[in-house]
Amino acid sequence: MDKLKQIESFVAIVQRGSLTAAAANEGVAPAMMGRRMDALEKRLGVKLLVRTTRKLTLTHEGSAFLEDCTRVLADLASAEASVSAGGVKASGHVRITAPGGFGRRHVAPLLPRFLALHPEVSLSLNLSDRIIDMVNEGYDCAVRVGDMPDSSLISVRLADNRRRCVAAPAYLARAGTPQQPLDLMRHECLTLSSEASQSRGWAFRIDGAVQYLRPPGRLDCSDGQVLHAWCLQGLGVAWRSTWEVDADLRDGRLVSVLDDHAAPPNGIYAVLPHVRHLPLRVRLWVDFLKHSYSMPGYWSGGPGT
């Protein structure tokens, strides 16, 4: 039995979560996947997966072997891509995930442009505000906004992400304009619900240090676009990213407050699986994102703004 096919099957089974799902993706019977795994484990003399009727679990040896196999397959794909059409022609499929609001505005509009440059590449985009398990769910690149937690994944900073406190002119005329971050404690604040993000609160620079406040409010929501709409309606103060509210600020629909206390920006990142080398198509996609976001005027007049 082909050794490479055994390795490819092992990686596919782990990424898709079951022999059945991996087999369906390849168009073979689950029993074929099982035979490949049995042959691989017999050849190596170790157990890689603990298989039950309910789930698959990697052994310690399986986890280490998975990382090596993923890297080897990525290296092979990169090598094949690099010799295609003189080393400048990418091909194959790229699976991308991004947060809903940011993805609609600043990822989805870029996909057709990338495909026009690379006609033999195909893309699929998942928009979700949950944190995707990239390895187990089979994604090649995740676009994430905010502070990056410690992770074995690779992150490439694409751009700064600045946050501002904003409110509609009608709300400020009615409730007054906050002069200090603590003034927010007497305002209606539109916050993300506890199961979403911003778990530490809103960030401000106070006395030379970044501090977090949990402002009060009678309205919260897990969807940032809803908070944005409520803010435009004059229902309170919101803490939003500039990529979302710049056009409203320019046109006077919203007013920025507490700018003197704005915290330093966090980042917008491309997050990649923990492999040393990436397929050419993925490298080109990340480079394309970074180039697009660095174009003069992009954030004040780019796609979706």
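Reader: Is Ala-74 buried or exposed?

Author: This is a predicted model, in which local features need pLDDT of at least 70 and side-chain atom pairs count only at pLDDT 80 or more, while totals for chains, interfaces and linings use all residues. Residues are numbered from 1 along each chain as its sequence is written, and side-chain values use heavy atoms, with hydrogens and water left out. Buried means under 20% relative accessible area, exposed over 50%, and partly exposed in between (1.4 Å probe, protein chains only). Ala-74 has a relative accessible area of 9%, so Ala-74 is buried.

Reader: How many Å apart in space are Ala-74 and Pro-279, C-alpha to C-alpha?

Author: Ala-74 is in helix H4 (residues 60-82); helices (H or I, at least four residues) and strands (E, at least two) are DSSP runs, numbered from the N terminus. Ala-74 and Pro-279 are 205 residues apart in sequence, and their C-alpha to C-alpha distance is 5.8 Å.

Reader: Which residues in H3 are met by residues in H2?

Author: Contact means heavy atoms within 4.5 Å. On the H2 side are Leu-19, Thr-20, Ala-22, Ala-23 and Glu-26, and they meet, in H3, Pro-30, Met-33, Gly-34 and Arg-36.

Reader: Which residues are linked with Glu-26 and Arg-36 in a network of salt bridges?

Author: A salt bridge is a side-chain nitrogen of Lys or Arg within 4 Å of a carboxyl oxygen of Asp or Glu, and the structure holds 10 of them. In the network that includes Glu-26 and Arg-36, the other members are Lys-5 and Glu-8.

Reader: How many residues apart in sequence are the parts that Asp-259 and Arg-164 tie together?

Author: Asp-259 forms a salt bridge with Arg-164, with the closest N and O atoms 3.4 Å apart. Asp-259 lies in the loop between strand S13 (255-257) and strand S14 (266-272), and Arg-164 in strand S7 (residues 163-167), so the pair ties together parts whose separation in sequence is 95 residues.

Reader: Where does Leu-258, with its positive phi, lie?

Author: Most residues other than glycine have a negative phi. Leu-258 is not a glycine, yet its phi is about 60°. At 8% relative accessibility Leu-258 counts as buried. Its place is the loop between S13 and S14.

Reader: Is Asp-207 buried or exposed?

Author: Phi of Asp-207 is also positive, near 55°. Asp-207 is in the loop between strand S9 (202-206) and strand S10 (209-213). With a relative accessible area of 78%, Asp-207 is exposed.
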